[in-house]
Amino acid sequence: MFEFDVVGGRAVRDIVQDSRRDIVRVVRDTYLAHHAGRSVNPDSYFLRFPEKPADRIIALPAYLDGEREVAGIKWIASFPANIQRGIPRASATLVLNDAGTGYPFALLEASQISAARTAASAVLAADVLSGGRGGGRLAVVGAGVIARNILEFFHAEQWTFEQVTVYDLSQEYGTALAAHATERLGYPASRTDRLEEAVTGADLVVFATTAGEPYVLAPDTFAPGQIILNISLRDIGPELIAGSSNVLDDVDHCLKAGTSPHLAEQKYGNRDFVTGTLAEVINGEVTVGTDKPVVFSPFGLGVLDLAVGLEVHRVAAESGRVTAIADFFGETERW
């Protein structure tokens, strides 16, 4: 009852690498559980710094009713200037709590869990919205950790692409991701210096940047039927959002914090541009046409972190890759 495990980043990384297909399944099941009301997913809390407006640390509490009831919280920092330091932008921890007693039972390094659930949701959405597993051209805008994870999840889910085109403001990062796609994943990939060249004619477009406000504004940027995975949430202008079919992970959560859909709601004063949620599409409750671009915008639900973290902890415990702290709790009796 009073066991407390720590799962370090190396173990998390290895488990994620071996479990990508299982993680996609976990994410799909969790979206459906959330849609069915078997979760509690409060608003995220943003800790901001007056002298450093680009930096933030976000708390995502959640509860999930599944095979094992679990509660918990992800505490994830986003410091964009880390990129100039040569270290990842995001760092995170995840606490898992027993839903019966409230006692925490595990602490996991969670930047990789966060990246994995984000990548899994992107690839799941691509599968659900396209009805296939590749064969065309993929454009990747942004060449950081999230973009790399998305490509790796595409590969794990056996997607094929005729061409992968990478655009990033950094030539170094763009070249590195294109090389990774070709040499490690077997995708024909190249880098471009022009956003328009990457996006035009692509069947799938992934936005995975650190943009704080929209810069994709040209009205003819996207084509009907083109699927846009709006993972970084703030690249696309509200006019383009309003002219697309929009699938979200959770409507109320996504329409906040200056996301592109939130800006569209503010500009037009309604939510008429929202087609539905991914769970509704999976369940057949909503149908997405091909007469407009299709944009998937996932705000990122804490219940996904819980579900993926619980799976990672299970594998880690079964394979002896946890550090158990027997005396973590100082008092285990009332008297």
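Trainee: Which strands does helix 3 lie across?
Mentor: Helix 3 lies across strand 11 (204-207), strand 12 (227-230), strand 13 (245-248) and strand 15 (294-297), at about 160° to strand 12. Helices (H or I, at least four residues) and strands (E, at least two) are DSSP runs, numbered from the N terminus. Axes are lines fitted to C-alpha atoms, for helices over the stretch in contact, with angles from 0 to 180 degrees between N-to-C directions. Contact means heavy atoms within 4.5 Å. This is a predicted model, where local features need pLDDT of at least 70, side-chain atom pairs count only at pLDDT 80 or more, and totals for chains, interfaces and linings use all residues. Residues are numbered from 1 along each chain as its sequence is written, and side-chain values use heavy atoms, leaving out hydrogens and water.

Trainee: What is the order of the strands in the open sheet?
Mentor: Strands of a sheet pair through backbone hydrogen bonds, either parallel or antiparallel. Here eight strands run 10-9-8-11-12-15-13-14 with parallel pairing (strands pair if DSSP finds at least two bridges between them). Strand 10 (189-192) and strand 14 (274-277) are the edges, each pairing on one side only.

Trainee: How do helix 1 and helix 3 cross?
Mentor: Two packed helices are described by the angle and the distance between their axes. The axes of helix 1 (residues 9-18) and helix 3 come within 9 Å and cross at roughly 20°. Helix 1 and helix 3 are therefore roughly parallel (under 35 degrees; over 145 is roughly antiparallel, 65 to 115 roughly perpendicular, the rest oblique). Gly9, Val12, Arg13 and Val16 in helix 1 meet Gln112, Ile113 and Ala116 in helix 3.
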